Amino acid sequence: MADTDLYAVLGVSRDASPDEIKKAYRRLARDLHPDVNPDPETQERFKEVTAAYEILSDPEKRQRYDAGPDAFGGAGFGSFGDIFEAFFGSGMGGAAQRGPRSRVRRGADSLVTLTLDLDEAAFGATKEITFDSAVVCERCTGAGTAPGTLPETCGTCAGRGEISQVQRSFLGQVMTSRPCPRCAGVGTIVTSPCPGCGGDGRLAQRRTLTVKIPAGVEHGMRIRLSGEGETGPGGGPAGDLYVQVVEREHDVFERDGDNLHCKVTLPMTAAALGTDLTLTTLDGDETIRIKPGTQSGAVITLRARGVPHLRGVGRGDLHVHVEVQTPTHLDAEQERVLRELASLRGEQHPDGSSGGGGLFGRLRDVLGR
């Protein structure tokens with residue numbers, strides 16, 4: 001139908017009122033409804049009348065239609081399907097498919113947790129995981145039927161997978177459909193279920209898999225194993241298995257992304273004089289040089305001694321935080337030596353100075369100006 005005129009389809013003028021449009025549609029629908037006139041040409045005409053009413057009965061759609069093709073970027077209405085697609089986003093042939101659905105469906109995804117030590121997460125590992133999952137029944141190979149039997153056609157829906165119901169409306173009799181409650185829309189009934197799986201086509205089973213953990217994984221990350229999840233109903237394809245990483249807390253190192261942090265405690269004398277200490281890192285023992293005069297809170301960075309980057313090359317760093325420990329208990333000799341040192345350094349009466357005559361000296365200078 002070229003250059004379709006929706007008003008002409010309903011047999012009304014372009015300035016027809018909403019009430020006139022409704023009355024025209026009801027009059028035509030009574031004569032053209034498929035339950036009244038099953039002729040194929042009449043059914044096609046009924047679809048056009050119904051679609052025209054859907055547009056002209058809605059004030060917003062009617063206004064857009066009256067605006068012409070320019071309202072749709074200049075695209076013309078060559079046929080009734082063009083008009084319907086412009087307003088509803090699909091052609092008139094886009095109705096959902098109906099009929100029995102397959103008994104075979106994809107299985108659900110599964111999730112298991114895997115606990116790793118820091119070095120396993122950092123450098124990767126090969127681990128075994130054990131979990132319960134649904135697997136295909138070997139006795140019926142997923143069909144769900146006893147050996148030598150087949151599913152029977154559902155007597156309620158006659159194999160269609162849906163049942164229809166006729167209701168009366170102002171248009172006459174209207175038929176609606178819904179999935180068959182007896183066969184759940186499949187169209188067949190397993191009358192002789194498999195004794196192994198009870199008709200489900202799958203069984204619960206404990207499985208063990210070997211998982212390769214890539215270097216650099218972090219707490220909370222998930223590793224996807226395609227097709228290792230639960231087998232689907234009817235022996236359908238398996239879902240995916242997700243392995244969620246849980247990283248144990250380390251005794252020495254604290255992880256921050258790919259960087260590691262740790263703390264070392266030094267005696268006051270070692271910090272003042274400098275020393276070498278041995279630190280066990282992820283790569284083995286490392287010698288760290290403490291410079292003379294190292295202060296509490298200083299950070300020594302060991303480059304590329306952290307966790308390898310998960311996606312890419314290189315590694316994070318290891319940051320060693322220094323804490324200087326002040327002695328709390330001194331014997332008489334130790335106290336004498338420290339007092340002598342304080343005397344030599346002129347520190348018997350510290351004034352909190354940080355250079356420039358001390359804090360109070362600087363305050364006097366400011367107030368005296």
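Trainee: What should I know before reading the values?
Mentor: This is a predicted model: local features need pLDDT of at least 70, side-chain atom pairs count only at pLDDT 80 or more, and totals for chains, interfaces and linings use all residues. Residues are numbered from 1 along each chain as its sequence is written, and side-chain values use heavy atoms, with hydrogens and water left out.

Trainee: How many helices and strands does the protein have?
Mentor: The protein has 9 helices and 15 strands. Helices (H or I, at least four residues) and strands (E, at least two) are DSSP runs, numbered from the N terminus.

Trainee: And what share of the residues is buried?
Mentor: Of the 369 residues, 32% are buried. Buried means under 20% relative accessible area, exposed means over 50%, and partly exposed is in between (1.4 Å probe, protein chains only).

Trainee: What share of the contacts with a separation of 6 or more comes from residues 24 or more positions apart?
Mentor: Such pairs account for 63% of them. Contact here means heavy atoms within 4.5 Å.

Trainee: On to the cores. Which residues of the largest nonpolar core touch the most other members?
Mentor: Leu10, Val12, Ile21, Val49 and Leu56 do, out of 19 residues in that core. Helix H1 (6-10), helix H2 (18-32) and helix H3 (40-56) each supply at least two of its residues. A nonpolar core is a set of buried Ala, Val, Leu, Ile, Met, Phe, Trp, Tyr and Cys residues joined through side-chain atoms within 4.5 Å.

Trainee: What does Leu10 touch?
Mentor: Leave aside its neighbours within four places in sequence. Leu10 then contacts Ile21, Ala24, Tyr25, Arg27, Leu28, Val49, Ala52, Tyr53 and Leu56. Apart from this core lies another, of 17 residues, including Leu118, Phe253, Val307 and Val320.

Trainee: New topic. What volume does the largest pocket have?
Mentor: About 500 Å³. A pocket is found on a 1 Å grid over the protein atoms alone: an open set of points where a 1.4 Å probe fits, with protein on both sides within 12 Å along at least five of seven lines. Lining residues have an atom within 4 Å of a point. Grid points are joined across faces, edges and corners, and the volume is the space filled by probe spheres set on the points.

Trainee: Which lining residues lie nearest its centre?
Mentor: Met268, Leu338, Leu341, Arg345 and Glu347, from a lining of 14 residues. Helix H7 (268-273) and helix H8 (332-344) are the elements that give two or more residues to that lining.

Trainee: How does the lining divide into nonpolar, polar and charged?
Mentor: It has 8 nonpolar, 3 polar and 3 charged residues. Ala, Val, Leu, Ile, Met, Phe, Trp, Tyr, Cys and Pro count as nonpolar, Asp, Glu, Lys and Arg as charged, and the others, Gly among them, as polar.

Trainee: Now strands. Which side chains of E1 are buried?
Mentor: In strand E1 (residues 110-116), Ser110, Val112, Leu114 and Leu116 point to one face and are buried.

Trainee: How many bridges join E1 to E9?
Mentor: 7, and E1 runs parallel to strand E9 (residues 241-247). Thr115 stands opposite Val246 in E9. Two strands pair if DSSP finds at least two bridges between them.

Trainee: Do E12 and E13 run parallel or antiparallel?
Mentor: Antiparallel, with 7 bridges between E12 (residues 275-281) and E13 (residues 284-290). A hairpin joins them through 2 residues. Leu279 has Glu286 in E13 as its bridge partner.

Trainee: What about E15?
Mentor: Strand E11 (residues 259-267) runs parallel to E15, with 8 bridges. E14 and E15 pair in the antiparallel sense over 4 bridges.

Trainee: Where is Ala304?
Mentor: Ala304 sits in the loop between strand E14 (299-302) and strand E15 (318-325). Its phi is near 55 degrees, a positive value in a residue other than glycine. Ala304 counts as partly exposed, at 34% relative accessibility.

Trainee: Last one. Is Thr126 buried or exposed?
Mentor: Exposed, with a relative accessible area of 56%. Thr126 lies in strand E2 (residues 125-136). Thr126 and Val211 are 85 residues apart in sequence, yet 5.7 Å apart in space, C-alpha to C-alpha.
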